[in-house]
Amino acid sequence: MKKSFFTRLIIPGLIFQSAMIGGGYATGRELVEFFLQLGPRAGLVAMLVATALISLVCAVAFEFARRYSLYDYRVFFKQLLGPAWVLFEAAYLSLVLLVLSVLGAASNELVVARFEIPAMSGSIVLMTAIGGLVFWGSKAIRNFLAAWSVLLYITYGGLIVWSLLVFGGEIERNLTTVDQPGIGLESLQGGVIYAGYNVVVFTSVLFVVRHFTSRRDALWAGALCGPLSMIPGLLLLLAMTAHYPQVNEQSLPINYLLNQLQTPALLLLFQVVIFGTFIETGTALLHSVNERIGNVYGEHSREMPRAMRPALSIGFLIVAIFVADAVGIVSLIGRGYTYATYLFLAIVVLPLLTRGLMMILRPLESATVRAINSNQ
């Protein structure tokens with residue numbers, strides 16, 4: 001049965017945004033690191049570069065996955081990289097651990113800033129919520145990610161409206177008249193670095209490729225991933241521009257921004273929504289790992305034990321929380337994400353936009369189809 005327009009073209013972008021946001025911009029620190037430190041104007045240009053690159057890579061990736069019926073990252077990269085696919089798996093699992101570490105550190109800081117309870121309480125709630133979602137499987141995860149994304153858009157829209165009302169003059173001045181670095185190659189570099197590690201989360205969206213009915217579906221769904229995932233980040237960047245350059249020094253800029261608005265009810269709402277985005281991202285990434293393992297079970301005519309899904313997820317989270325405690329959120333984002341970018345540009349983006357594109361454009365021979373089906 002053919003799925004609706006919304007399911008085929010919009011849901012993939014919303015799920016992509018859900019997988020990206022926790023590691024991408026929910027804390028605000030990521031936007032400072034790769035955009036706002038360049039200056040407000042240069043940061044906006046860098047964000048446009050990142051949006052365009054995400055759209056391009058996702059469009060190619062979705063069509064590649066649709067054409068060869070690749071619904072988890074293991075078979076996807078076996079088809080794209082051949083024997084070198086194990087390089088991606090090692091890098092991807094490292095990225096999952098890195099992002100989960102950022103989420104663990106951010107959730108603890110969020111809890112400490114709001115409540116007088118032990119910092120580890122944030123991580124415990126995070127683990128419990130993610131474990132419950134991955135236990136219930138793809139449908140529950142898809143519904144939660146889509147619904148929370150809509151709530152996120154509404155909340156971030158409210159944030160920018162409120163910030164314009166309270167700090168509109170400061171935002172305009174910092175965008176137009178305040179002294180700041182010029183727009184140059186740093187904007188291109190910032191956008192590419194940011195997109196380079198974030199775009200890899202398309203691997204956690206591959207399970208929706210089954211709903212595409214044509215190349216047109218895949219290309220449109222991929223192209224929409226860029227704007228759908230970056231619009232909330234753009235709104236947050238504009239709101240933070242009111243407090244440039246002081247906000248650049250904050251380890252959790254989103255809390256600093258909300259405190260400046262001096263609206264306790266809005267602050268509480270945003271903290272709940274932001275914590276939900278941590279759950280979104282952690283769930284999407286860990287679900288992709290579970291799907292990869294589940295498909296291996298399927299290849300051997302077995303079913304992955306249901307209890308194994310939350311057990312593996314919680315195991316990942318426990319390791320990540322210890323890493324976060326040892327390293328700290330600023331170092332995790334500033335160094336870890338930059339190193340991850342160069343790695344994924346080399347083993348994902350470049351191969352996909354060269355060999356992957358050529359494989360999409362060439363005729364799909366029957367022998368190739370048989371080879372693909374034998375790998376499923």
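**Confidence, helix packing and local geometry**

The protein averages a pLDDT of 82, and 90% of the residues score at least 70; pLDDT is the predictor's confidence in each residue, on a scale from 0 to 100. This is a predicted model, in which local features need pLDDT of at least 70 and side-chain atom pairs count only at pLDDT 80 or more, while totals for chains, interfaces and linings use all residues. Residues are numbered from 1 along each chain as its sequence is written, and side-chain values use heavy atoms, with hydrogens and water left out.

User: At what angle do the axes of α3 and α4 cross?

Analyst: Axes are lines fitted to C-alpha atoms, for helices over the stretch in contact, and angles run from 0 to 180 degrees between N-to-C directions. Angles under 35 degrees count as roughly parallel, over 145 as roughly antiparallel, 65 to 115 as roughly perpendicular and the rest as oblique. The axes of α3 (residues 40–68) and α4 (residues 73–81) come within 11 Å and cross at roughly 95 degrees. That makes α3 roughly perpendicular to α4, at a crossing angle of roughly 95 degrees.

User: How many nonpolar residues does the contact of α3 with α4 have?

Analyst: The contact is made by A61, F64, A65 and Y68 of α3 together with F76, Q79 and L80 of α4. Ala, Val, Leu, Ile, Met, Phe, Trp, Tyr, Cys and Pro count as nonpolar, Asp, Glu, Lys and Arg as charged, and the others, Gly among them, as polar. By class, the contact has no charged residues, one polar residue and, as nonpolar residues, six.

User: Is the ring pair of F88 and Y92 stacked or tilted?

Analyst: Rings of Phe, Tyr and Trp (its six-membered ring) pair if their centres lie within 6.5 Å, and planes under 30 degrees apart count as stacked, over 60 as edge-to-face and the rest as tilted. Being four residues apart in helix α5 (residues 85–114), F88 and Y92 are separated by about one helical turn. Their ring centres are 5.3 Å apart and their planes lie at 20 degrees, so the pair is stacked.

User: How many residues apart are F35 and Y194?

Analyst: The rings of F35 and Y194 have centres 4.7 Å apart and planes at 55 degrees, so this pair is tilted. F35 is buried, and so is Y194, where buried means under 20% relative accessible area, exposed over 50% and partly exposed in between (1.4 Å probe, protein chains only). The pair links distant parts of the chain, with F35 in the loop between α2 (29–34) and α3 and Y194 in helix α8 (residues 185–198), and their separation is 159 residues.

User: What is the relative accessible area of S69?

Analyst: S69 lies in the loop between α3 and α4. Although it is not a glycine, S69 has a positive phi of about 55 degrees. S69 is partly exposed, with a relative accessible area of 27%.

Technical notes
Helix = DSSP H or I, 4+ residues; strand = E, 2+ residues; numbered from the N terminus. Contact = heavy atoms within 4.5 Å.
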